[in-house]
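Let's take a friendly look at one residue and the strands around it. Keep the picture in view as you read.

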Amino acid sequence: MTRALIAMLALALWPAAVDAQESLGMGRRLGRPSVRAPEPEAPPHAEPDADRWPGPQIQLGYGYLKLADGYGGGDAHLADLSVFIQWPVTELRVAFRGQVGARDYSLGGDDLLAVASVEIGYQLTDLLDPLVPHASLVVSFGGLVGERFETTVAHGLGGAGLELGAALRLYRNLHLHAAFGYQRWEMDGAAFDVFTFRVGAGL
């Protein structure tokens, strides 16, 4: 009787023991980790290109133009200062320029010439880096003061035109620049074809 009870009990427990062994073996085959795997790290944010040059900020230099006086003279030599506005769109070029200097007058002493300009244009800041060419519309206004037959005279002037040029970056923002332009000015009721040249350096 006792042997029969033991045999029945063994038969009843056998399937549970087999299931537990199979579950343990499956867990080992799957390599179930005892510690939870860490969450993957988020990729770092891309940093902006520190070498990208947004274009010039300020330029100092020399300017030349010819404002004919009707007697073969009219050469003007000017100190040039340009200040630029930086925009999110680096191709947009906006600058305010001031020039002051002397203009040769054939029949007397030199005239004082002062010109203020606004420049709006397009510049290629990436394509040819470190060379940044540009094309701009330039609007100018100013005045000329001189002496005519021992009398001081002053004339206002103004006009607009186009300018083509380029800046060459040397190190970081340090650069050289050169530009040629043409403007049509009016002064004292007369129209003048004015060709300009500027050269200098900036940041």
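## Where His134 sits

In this predicted model, His134 lies in strand β5, which covers residues 131–148. Is His134 buried or exposed? His134 counts as buried because its relative accessible area is 8%, and the cut-off for buried is under 20%.

## The neighbours of His134

Leaving aside residues up to four places away in sequence, His134 touches Arg93, Glu119, Tyr122, Gln123, Glu163, Leu164, Gly165, Ala166 and Ala179. With one of these, Glu163, there is also a polar contact between the two side chains, at 3.3 Å.

Now turn to strand β4, made of residues 111–123. Its side chains alternate: Asp111, Leu113, Val115, Ser117, Glu119, Gly121 and Gln123 point to one face and are buried.

Strand β4 runs antiparallel to strand β3 (residues 92–103), and 12 bridges join them. Here Arg93 has Gly121 of β4 as its bridge partner. Strands β4 and β5 are also antiparallel, joined by 12 bridges. Across this pairing, Glu119 stands opposite Val138 in β5, and Leu112 stands opposite Val145 in β5.

## From β5 to β6

Which strand pairs with β5 over 18 bridges? The partner is β6 (residues 151–171), and the pairing is antiparallel. Within it, Leu144 stands opposite His155 in β6. The hairpin of β5 and β6 has 2 residues between the strands, and Phe149 takes a positive phi near 50° there.

Definitions and conventions: Residues are numbered from 1 along each chain as its sequence is written. This is a predicted model: local features need pLDDT of at least 70, side-chain atom pairs count only at pLDDT 80 or more; totals for chains, interfaces and linings use all residues. Side-chain values use heavy atoms; hydrogens and water are left out. Helices (H or I, at least four residues) and strands (E, at least two) are DSSP runs, numbered from the N terminus. Buried means under 20% relative accessible area, exposed over 50%, partly exposed in between (1.4 Å probe, protein chains only). A polar contact is a pair of N or O atoms within 3.5 Å; within protein, one must be able to donate a hydrogen and the other to accept it, and residues adjacent in sequence count only if both atoms are side-chain atoms. Contact means heavy atoms within 4.5 Å. Two strands pair if DSSP finds at least two bridges between them.
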